[in-house]
Amino acid sequence: MAANPSPPRQFGCPWPEFNDGLIYHDVVPPPDDGLTLIQFYSSKYKSSAPLQGWLQRIKNKQITVDGSVVTDPDAVLRVGSKLVYHRLPWKEPDAPYILEVLYEDDDMIALNKPSGLQVLPGGLFQQRTVLTQLKWEANKQSTVKAHQRLHSVPVHRLGRGTSGLLLCAKTKLAKARLASYFADGTSQIGGKRDTNKEHGKIAKIYRALVSGIVDNDKVIINQPIGIVKYPGVATGLYVASESGKPALSIVNVLERGVQGNNTLVQVQIESGRPHQIRIHLSFIGHPLLGDPLYAVGGQPKCLDCDVIDERFAADGGYERPTKPVPGDCGYYLHAHQLIISHPVTNEVIEIIAPLPSILQTKS
């Protein structure tokens with residue numbers, strides 16, 4: 001049955017100019033006994049900042065050892081010492097903050113996420129995320145019931161540039177079951193099935209605008225997705241790769257824009273690899289219109305032509321690479337529809353996120 005949401009509402013607080021910074025904790029392990037403070041940080045976290053950057057952070061009183069600020073980079077560390085690095089507050093890039101509620105009950109809440117808003121903390125976005133707004137919204141509640149439950153948390157991710165339906169759990173039970181629904185779909189691809197689990201608990205349907213004219217009305221893409229090293233992305237960049245993990249997308253053409261040389265498509269993903277739709281559509285020769293990163297073939301537009309910028313910013317860390325990274329926006333992708341078995345009642349619920357005008361059919 002279709003969801004019958006509570007009266008439409010929105011929530012969200014404007015972002016402060018600067019975030020609160022970050023705090024990183026370490027305990028000196030036996031192998032690092034006798035290292036100096038600068039040796040410890042410049043070797044263990046060299047991807048965070050160059051040597052001169054870590055020296056700057058130490059001199060700037062951003063590091064404590066066992067509760068005391070240490071400004072001597074040559075201070076010798078001992079096993080068991082507790083280190084705390086305080087990353088200075090910074091101004092995060094602009095991001096929207098208003099979230100629309102599409103569906104809500106005691107166990108879960110579905111949001112309409114705007115393009116440009118990151119779901120979980122990562123990279124430059126540590127405060128300006130959906131998760132932060134959910135925390136702030138929970139803090140507004142003053143009832144005992146509200147304090148007895150966790151604040152809502154997303155159970156899956158959407159790319160920062162992707163808009164649309166984001167499902168969040170309100171309880172530990174709902175979180176575990178909803179997360180398993182998303183994971184189950186991915187685990188089935190490539191013939192990997194767990195016969196002890198129920199399947200078919202969720203269907204995820206997206207709308208996208210792609211470059212060029214897709215000839216076939218229906219395209220099934222099962223290209224594996226793997227990881228390659230990429231400047232500015234510490235964990236690596238997801239790309240089309242024969243040695244990657246199985247992934248499956250079903251693409252249906254809705255409209256062909258001959259004059260604009262683009263095609264409006266509906267995509268149902270049977271797995272949930274990161275950036276799957278962007279990679280799969282570019283793999284078949286039709287990247288998302290405006291995608292700054294993925295080119296034909298499911299590969300980044302620039303892989304070897306960029307190098308890491310060795311300059312460092314005011315906080316001692318590396319400057320952000322100038323080339324686009326996966327979170328950058330500019331493409332048209334919308335999580336439009338979700339059909340899901342309720343995590344507690346097992347009732348089948350359909351939730352729809354209204355389409356932006358550019359992704360609506362003209363007929």
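## Arg128 and its surroundings

The side chain of Arg128 places a polar atom 3.0 Å from the backbone oxygen of Pro16. A polar contact is a pair of N or O atoms within 3.5 Å; within protein, one must be able to donate a hydrogen and the other to accept it, and residues adjacent in sequence count only if both atoms are side-chain atoms. Arg128 belongs to the loop between β7 (108-113) and α3 (130-140). Its relative accessibility is 6%, so Arg128 counts as buried (buried means under 20% relative accessible area, exposed over 50%, partly exposed in between, with a 1.4 Å probe and protein chains only).

Leaving aside residues up to four places away in sequence, Arg128 touches Trp15, Pro16, Glu17, Glu92, Pro93, Asp94, Ala95, Leu117 and Gln118. Contact here means heavy atoms within 4.5 Å.

## Basis and confidence of the model

This is a predicted model, in which local features need pLDDT of at least 70 and side-chain atom pairs count only at pLDDT 80 or more, while totals for chains, interfaces and linings use all residues. Residues are numbered from 1 along each chain as its sequence is written, and side-chain values use heavy atoms, with hydrogens and water left out.

The protein chain has an average pLDDT of 88, and 86% of the residues score at least 70; pLDDT is the predictor's confidence in each residue, from 0 to 100. Helices (H or I, at least four residues) and strands (E, at least two) are DSSP runs, numbered from the N terminus. Over residues 191-199, pLDDT stays under 50, and the model has 9 contacts beyond four places in sequence for them. Residues 305-310 also stay under 50, with 7 such contacts.

## Aromatic pairs and charges over rings

The structure holds 7 aromatic pairs. Rings of Phe, Tyr and Trp (its six-membered ring) pair if their centres lie within 6.5 Å; planes under 30 degrees apart count as stacked, over 60 as edge-to-face and the rest as tilted. Trp15 and Trp136 form a tilted pair, because their ring centres are 5.6 Å apart and their planes stand at 55 degrees. Trp15 lies in the loop between β1 (9-11) and β2 (22-27) and Trp136 in helix α3, so the pair ties together parts 121 residues apart in sequence. Trp15 is buried at 13% relative accessible area, whereas Trp136, at 24%, counts as partly exposed.

One aromatic cluster is formed by Tyr24, Phe40, Tyr41, Tyr45, Trp54 and Tyr85. Arg57 lies over the face of Trp54, 4.5 Å from the ring centre, and Arg87 lies over the face of Trp90, at 3.8 Å. A charge sits over a ring if NZ of Lys or CZ of Arg is within 6 Å of the ring centre and within 35 degrees of the ring normal.

## Strand pairing

Two strands pair if DSSP finds at least two bridges between them; β2 and β5 (residues 82-87) have 6. Tyr24 has Tyr85 in β5 as its bridge partner.

Strand β15 (residues 262-269) has 6 of its 8 residues buried. It pairs in the antiparallel sense with β10 (residues 202-211) over 7 bridges, where Val210 stands opposite Thr263. Strand β14 (residues 249-257) joins β15 through 8 bridges, also antiparallel, and Asn252 has Gln266 as its bridge partner. In the hairpin of β14 and β15, with 4 residues between the strands, Asn261 takes a positive phi near 55 degrees.
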